[in-house]
Amino acid sequence: MEKKDEFKDIPKDYRSFYLSYTDNCEDSGFDKEYVEYLLDLLKNHPDDPALQDPDVQNNIGTIFENGIMVKKDINKAVLWYERAVDQDDDLAKSNLADILRKGSQGYPKDLKRAFELYKSCGLPYAHYRVGEFYEHGWGVEQNIAEAKRYYRLAYKERHALAIKKLENFDFLH
């Protein structure tokens, strides 16, 4: 008998990325020249096709969210994340969902939209967050069975938060 894949309906995206919470260019995963290049595009070449690339749009959002070589500006960050989300970029979905979940830098919380973004995102981090939303009923009806399913997937993907979560919530059984 073939074992059913309980996660087949959940999107997955296993690309590598650098996680950073700093305004220091060298610690952010971007080199100074790249940030200067992006800032030059914004200022002097607003019609450059590079600004249509979702990775570039997400990176610009990150620069404004964290204040990397610019003043922090959550509204500009959201604008650029939204542009990348419109192109179905998972990193931008996760970054925007984090802002909406936390109400970062005074931006209005929107748990329903945050949940929808995480759920449409294929990153293991987003799978963990969907489990958390189902567990607590944030922006969605509480559903412990679905919470456990998403936590199991994040655990299977070796996400650190899911591994830690198992210490106080048995979602494997």
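Predicted model: local features only at pLDDT ≥ 70, side-chain atom pairs only at ≥ 80, totals over all residues.
Colleague: Which residues is Gln57 in contact with, leaving aside its neighbours within four places in sequence?

Modeller: Gln57 is in contact with Leu51, Gln52, Trp80, Arg83, Ala84 and Gln87.

Colleague: Let's step back to the whole chain. How many helices and strands does the protein chain have?

Modeller: The count is eight helices and zero strands, so the order from the N terminus reads α-α-α-α-α-α-α-α. The C-alpha trace spans about 60 × 35 × 30 Å along its principal axes.

Colleague: How much of the protein chain counts as buried?

Modeller: Of its 173 residues, 46% count as buried. The chain exposes about 9,800 Å², with carbon and sulfur atoms supplying 49% of that area.

Colleague: Where do Asp88 and Arg158 lie?

Modeller: Asp88 is in the loop between helix H3 (74–85) and helix H4 (90–102). Arg158 is in the loop between helix H7 (144–156) and H8. Asp88 counts as exposed because its relative accessibility is 54%, and Arg158 is exposed at 54% too.

Colleague: What does the charged end of Arg158 sit over?

Modeller: It sits over the ring of Tyr155, 5.5 Å from the ring's centre. Another charge of this kind is that of Lys165, which lies over the face of Phe169 at 5.5 Å from the ring centre.

Colleague: Now rings with rings. How many aromatic pairs does a search of the whole structure find?

Modeller: The search finds 12 aromatic pairs. Ring pairs link Phe115, Tyr118, Tyr125, Phe133, Tyr134, Trp138 and Tyr150 into a cluster.

Colleague: Which residues does Arg101 contact, leaving aside its neighbours within four places in sequence?

Modeller: Arg101 is in contact with Lys109, Leu111, Ala114, Tyr118, Tyr125, Arg129 and Phe133. Arg101 is found in helix H4 and counts as buried, because its relative accessible area is 15%.

Colleague: How far apart are Arg101 and Ala162 in sequence and in space?

Modeller: They are 61 residues apart in sequence and 18 Å apart in space, C-alpha to C-alpha. For another pair, look at Lys112 and Trp138: these are 26 residues apart along the chain, with their C-alpha atoms separated by 7.3 Å. Lys112 lies in helix H5, residues 111–119, and is exposed at 52% relative accessibility.

Colleague: Let's finish toward the end of the chain. Where does Phe171 lie, and is Phe171 buried or exposed?

Modeller: Phe171 lies in the segment after helix H8 (160–165). Phe171 is buried, because its relative accessible area is 0%. Not counting residues up to four places away in sequence, Phe171 touches Lys148, Tyr151, Arg152, Tyr155, Ala162, Lys165 and Leu166.

Colleague: What separates the C-alpha atoms of Phe171 and Tyr151?

Modeller: They are 6.7 Å apart, while the two residues are 20 apart along the chain. Tyr151 lies in helix H7 and counts as buried at 0% relative accessibility.

Colleague: Which residues does Tyr151 contact beyond its neighbours within four places in sequence?

Modeller: Tyr151 is in contact with Tyr128, Gly131, Glu132, Glu135, Ala162, Lys165, Phe169 and Phe171.

Notes: Residues numbered from 1 in each chain as written. Heavy atoms only, no water. Helix = DSSP H or I, 4+ residues; strand = E, 2+ residues; numbered from the N terminus. Buried < 20%, exposed > 50% of the residue type's maximum accessible area, 1.4 Å probe, protein only. Areas by Shrake-Rupley, 256 points an atom, 1.4 Å probe, with all protein chains shown as cover. Contact = heavy atoms within 4.5 Å. Phe/Tyr/Trp six-rings, centres within 6.5 Å; stacked < 30°, edge-to-face > 60°. Lys NZ or Arg CZ within 6 Å of the ring centre and 35° of its normal.
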